[in-house]
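Please walk through this structure with me, one contact at a time.

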Amino acid sequence: MANDTNVVIELAQAIDVVRARGALRTMMVASLQIQPDDPLVIDTLLATSELMSNALEHTSGHCTVRAHLSSSRHVVRVEVTDTDPLTGLHPQMPGPEQHHGRGLAIVEAIASRWGTERSAAGKTVWFEIERPASTALDR
């Protein structure tokens with residue numbers, strides 16, 4: 001798959017979420033030859049931010065982000081690995097007065113698929129966003 005790109009971003013603190021979003025945006029625009037305001041870029045960055053924020057807030061403060069960009073399959077897959085082994089995650093809908101707790105519901109709404117897996121480090125939460133072939137990434 002000559003048109004596929006992989007990127008790995010190490011995060012250790014919340015400020016790294018901003019840097020990681022920038023790196024992922026740059027990689028997507030260059031690799032997939034799409035505009036920064038393309039809905040695929042916006043949705044991927046939003047879902048990635050939610051998973052990174054959860055990992056940094058609810059674990060030891062370190063996570064790894066892996067992104068696989070496939071123009072041949074018209075799909076973006078992002079994996080966020082953190083140090084917490086808990087994999088039974090479920091989207092929640094907190095009350096209107098609560099400021100946190102919507103991240104997985106947002107990921108579930110945006111992603112074509114998402115899930116969790118145990119990893120050597122703890123757990124990996126992943127999602128895929130797939131485009132129909134009619135709006136192919138390899139324009």
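Helix α2 passes helix α3 in a left-handed crossing. Left-handed here means that the near helix is turned anticlockwise from the far one by less than a right angle; clockwise would be right-handed. The model is predicted: local features need pLDDT of at least 70, side-chain atom pairs count only at pLDDT 80 or more, and totals for chains, interfaces and linings use all residues. Residues are numbered from 1 along each chain as its sequence is written, and side-chain values use heavy atoms, with hydrogens and water left out.

α2 covers residues 39-58 and α3 covers residues 103-110. Both are DSSP runs, numbered from the N terminus (helices are H or I, at least four residues; strands are E, at least two). Their axes come within 9 Å and cross at roughly 150°. Axes are lines fitted to C-alpha atoms, for helices over the stretch in contact, and angles run from 0 to 180 degrees between N-to-C directions. The two helices are therefore roughly antiparallel (angles over 145 degrees).

Which residues of α2 and α3 make the contact? From α2 come D43, L46, A47, E50, L51 and N54. From α3 come G103, L104, I106, V107 and I110. Contact means heavy atoms within 4.5 Å. An α-helix has 3.6 residues a turn, so residues three or four places apart point the same way.

Now look at α3 itself. G103, L104, A105, V107 and I110 are buried, meaning under 20% relative accessible area. What covers them includes α2, β4 and β5.

Strand β5 spans residues 123-130. Seven of its eight residues are buried, so β5 is largely enclosed by the rest of the structure. It has partners to name. Strand β3 (residues 75-82) runs antiparallel to β5 and is joined to it by eight bridges. Two strands pair if DSSP finds at least two bridges between them. D82 has K123 of β5 as its bridge partner. Strand β4 (residues 113-118) also pairs with β5 in the antiparallel sense, over six bridges. There, E117 is bridged to T124. β4 and β5 form a hairpin, with four residues between them.

V8 touches T64, V65 and R66, not counting residues up to four places away in sequence. V8 and L24 are 16 residues apart in sequence and 9.2 Å apart in space, C-alpha to C-alpha.

Definitions and conventions
Parallel < 35°, antiparallel > 145°, perpendicular 65-115°, else oblique. Buried < 20%, exposed > 50% of the residue type's maximum accessible area, 1.4 Å probe, protein only.
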